[in-house]
Amino acid sequence: MVTRTQLSRLGLFDAKVPRYTSYPTSPHFKNDVKPGDFSDWIEAIPENSDISLYLHVPFCRRLCWFCACRTQGTASGEPVGAYVETLKDELTLLKRHLPRGVRLSRLHWGGGTPTLLSAAQMRDLAAAVREAADFADNYEFSVEIDPNEIDAARLDALFDSGMNRASIGVQDFDPDIQKTIGREQSFETTKRAVDMIRERGIQSLNADILYGLPNQTRSKIVDSVQKLLSLSPDRVALYGYAHVPWMAKRQQMIPSDALPRPDERLELFETARKLFVWDSYDEIGIDHFATKSDGLSVAARSGTLRRNFQGYTDDTSEVLVGLGASSISKFPQGYAQNAPATSAYTKAIRAHGFSTVRGHSFSKQDNLRARMIEMLMCDFRVDTAALVRDFDTTRAEVTSILKAANAELENLLVVDDTGLFVPREARPLTRIIARSFDAYELSSAGHSSAI
Ligand SMILES: C[S@@+](CC[C@H](N)C(=O)[O-])C[C@H]1O[C@@H](n2cnc3c(N)ncnc32)[C@H](O)[C@@H]1O
Ligand code: SF4
């Protein structure tokens, strides 16, 4: 039995740890990865293979105070129109370097608010994507939809362009919490968006909600989760609110003294988690829930769940190409990130080059440790035989890393010949365990609370 005192002693309530959507994490990227590396890595993609493509739209009509995403406010449509043109130019560049027959198994538009685009811009951008690379059979095309920033014409444009998965931002339904976090969105607005999505036969709906918000109490999160369950999402991401006002300046609008304490955050998470489980959702990794028939649940059951910059995925592509300002791409050779500032990104693309400014080339050790962390975050276990089979390592090397991690965790974990296993009651510590596999010196700046 793991006690609160033990969780606290192991750092759960005060450690700042990465969310490990990549390894190494992006603060460790260096500026030695250049546009030439990015184009070389694209050209090395095997012909006729499937890849994932991410397009970033860094604009929002309103800027929610709680939001830590890379985005900027815009009142007029002008910068958005110019940005879409730049994205299309980047897609043309991509096409020039893509080997023959490469198709898209996944396409994701994220932001910011991609639904800020007009219906015509959406159709235009989707056509430019298809011009660069066509969809694979069984492709998935998902879009982040702000329920406040969508209407029938834009949904039709997305649906006609092939969107078959939608992701909506909910955060919390409580009006007082919404006021405090600077994001007002009535239940009716969210329901209207969900109904419009369902009416078009879009098969899969994801919703993001947050725990750890200011003034959030147990009864408020129960109410929010129940409202969300009434909309029957196929997937839910239950993220811990990351309060990082030194990085996301707009969070300074949020009073720190209204934030729940770390032990209360754990309770809020557990309360919400139990409601999803009682409603027959499967738990996916550390913070997702999915219906039994959803692709994430199927992948979790079959041991093929993966983790990338967009969180949990059943996508098995080796390559994720990220286009747009600040986007990160992943190749078997390493990570490459585009210029974060829209102006610098635009300037590079207009000069007919890619805008890569930083990244990381993988060493053999990186590949091993990245996979260990991914196994842990997806399956709560590390499989020694699979690592020895797939990487340049030995059983002895893996076992010694696992034993060292267990010693740091006061031997709360199970380490044996098969590998490492995290018992249920130690699962809140998963990101702290992952950190013990992280060979890079970690500074806590920019990371969020461990719970
Ligand atoms: C980039 S936003 C896009 C969603 C879309 N613009 C909307 O507002 O509906 C994706 C998600 O990131 C999550 N997010 C943003 N800021 C966060 C923070 N400070 N802590 C935790 N999650 C956050 C929210 O759950 C949000 O729905
Ligand atoms: S939550 Fe969505 S709409 Fe709000 S600022 Fe972030 S990206 Fe923009």
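User: Which residues come nearest to ligand 1?
Analyst: Of the 20 residues around ligand 1, the nearest are G111, Q171, R183, D208 and A242. Being around a ligand takes a heavy atom within 4 Å of it. Keep in mind that this is a predicted model, where local features need pLDDT of at least 70, side-chain atom pairs count only at pLDDT 80 or more, and totals for chains, interfaces and linings use all residues. Residues are numbered from 1 along each chain as its sequence is written, chains are lettered from A and ligands numbered from 1 in the order in which they are written, and side-chain values use heavy atoms, leaving out hydrogens and water.

User: What's around ligand 2?
Analyst: That shell is C60, R62, L63, C64, F66, C67, G112, T113, D146 and R183. By class, there are 5 nonpolar, 2 polar and 3 charged residues. Here Ala, Val, Leu, Ile, Met, Phe, Trp, Tyr, Cys and Pro count as nonpolar, Asp, Glu, Lys and Arg as charged, and the others, Gly among them, as polar.

User: G112 is in that list. Is its peptide bond from G111 cis or trans?
Analyst: Cis, with omega near 20°. G112 is in the loop between β5 (103-111) and α4 (119-132). Helices are DSSP runs of H or I with at least four residues, strands are E runs of at least two, and both are numbered from the N terminus.

User: What joins Y23 and P24?
Analyst: A cis peptide bond, with omega about -5°. P24 belongs to the loop between β1 (16-17) and α2 (35-43).

User: Switching to helices: how do α3 and α11 cross?
Analyst: The axes of α3 (residues 78-97) and α11 (residues 342-350) come within 10 Å and cross at roughly 45°. The two are therefore oblique to each other; angles under 35 degrees count as roughly parallel, over 145 as roughly antiparallel, 65 to 115 as roughly perpendicular and the rest as oblique.

User: Which residues make the contact?
Analyst: From α3, A82, Y83, T86, L87, D89 and E90; from α11, T342, Y345, T346, I349 and R350. Contact means heavy atoms within 4.5 Å. They divide into 5 nonpolar, 3 polar and 3 charged.

Notes: Axes fitted to C-alpha atoms, helices over the stretch in contact; angles between N-to-C directions.
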